[in-house]
Amino acid sequence: MYDLIGLGEKAKKASVFIAKLTEEQRVNALNVCAKAIRENTRYLIAQNAIDIENAKKNGKSEAFIDRLLLNEKVIES
């Protein structure tokens, strides 16, 4: 399972750090993140398939599963 409290704390620290960056630095950081996501699309889709299967096994609604579903079009957008 995920450590949601720890994840939230890290996100808060990151937001303080990011707020201090220049616009150019923020844009560069976002571009680096976007590149990493694009380069790992196959992996993300494979891991998402596991999430989808688990959601189905756990009786999640079709609407929930639809929002969870990743594909290349969703990732690129």
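These questions and answers walk through a predicted model of one protein.

User: What percentage of the 77 residues counts as buried?
Analyst: A residue is buried when its relative accessible area is under 20%. The accessible surface of the protein comes to about 6900 Å². Carbon and sulfur atoms hold 59% of that surface. Of the 77 residues, the buried share is 10%.

User: How many of the residues of α1 are buried?
Analyst: Helix α1 has 16 residues and reaches 22 Å from its first C-alpha to its last. That span is close to the 22 Å expected at 1.5 Å a residue. The helix is hardly covered. Its count of buried residues is 1.

User: Which residues make the nonpolar surface patch of about 410 Å²?
Analyst: One member, Leu 7, lies in helix α1. Leu 7 counts as exposed because its relative accessibility is 52% and the cut-off is over 50%. The patch is made by Tyr 2, Leu 4 and Leu 7.

User: How many salt bridges does a search of the whole structure find?
Analyst: The side chains of Glu 39 and Lys 35 meet in a salt bridge. Glu 76 forms a salt bridge with Arg 38. The search of the whole structure finds 2.

User: In which helix do Glu 39 and Lys 35 both lie?
Analyst: Their salt bridge has an N to O distance of 3.7 Å. The two residues are 4 residues apart, about one turn of the helix. An α-helix has 3.6 residues a turn, so residues three or four places apart point the same way. Glu 39 and Lys 35 both lie in helix α2, residues 23-39.

User: Is Glu 39 buried or exposed?
Analyst: A residue is exposed when its relative accessible area is over 50%. Glu 39 has 57% relative accessibility. Glu 39 therefore counts as exposed.

User: Which helices hold Glu 76 and Arg 38?
Analyst: In their salt bridge, the closest N and O atoms are 3.1 Å apart. The pair links distant parts of the chain, 38 residues apart. Glu 76 is in helix α5, residues 72-76, and Arg 38 is in helix α2.

User: Which residues does Thr 41 touch, not counting residues up to four places away in sequence?
Analyst: Thr 41 is found in helix α3, residues 41-57. At 13% relative accessibility, Thr 41 counts as buried. The residues that Thr 41 touches are Glu 72 and Ile 75.

User: Which residues is Asn 48 in contact with, leaving aside its neighbours within four places in sequence?
Analyst: Asn 48 lies in helix α3. Asn 48 is buried, with a relative accessible area of 4%. The residues in contact with Asn 48 are Leu 68, Leu 69 and Leu 70.

User: How far apart in space are Gln 47 and Leu 70, C-alpha to C-alpha?
Analyst: Gln 47 is found in helix α3. At 33% relative accessibility, Gln 47 counts as partly exposed. Gln 47 and Leu 70 are 23 residues apart in sequence. Their distance in space is 9.6 Å.

User: What distance separates the C-alpha atoms of Thr 22 and Glu 53?
Analyst: Thr 22 lies in the loop between α1 and α2. Thr 22 is partly exposed, with a relative accessible area of 42%. Thr 22 and Glu 53 are 31 residues apart along the chain. Their C-alpha atoms are separated by 41 Å.

Notes
Residues numbered from 1 in each chain as written. Predicted model: local features only at pLDDT ≥ 70, side-chain atom pairs only at ≥ 80, totals over all residues. Heavy atoms only, no water. Buried < 20%, exposed > 50% of the residue type's maximum accessible area, 1.4 Å probe, protein only. Contact = heavy atoms within 4.5 Å. Salt bridge = Lys/Arg side-chain N within 4 Å of Asp/Glu carboxyl O. Patch = residues over 30% accessible without salt bridge, like charges linked within 9 Å, V, L, I, M, F, W, Y side chains within 5 Å. Areas by Shrake-Rupley, 256 points an atom, 1.4 Å probe, with all protein chains shown as cover. Expected span 1.5 Å × (residues − 1).
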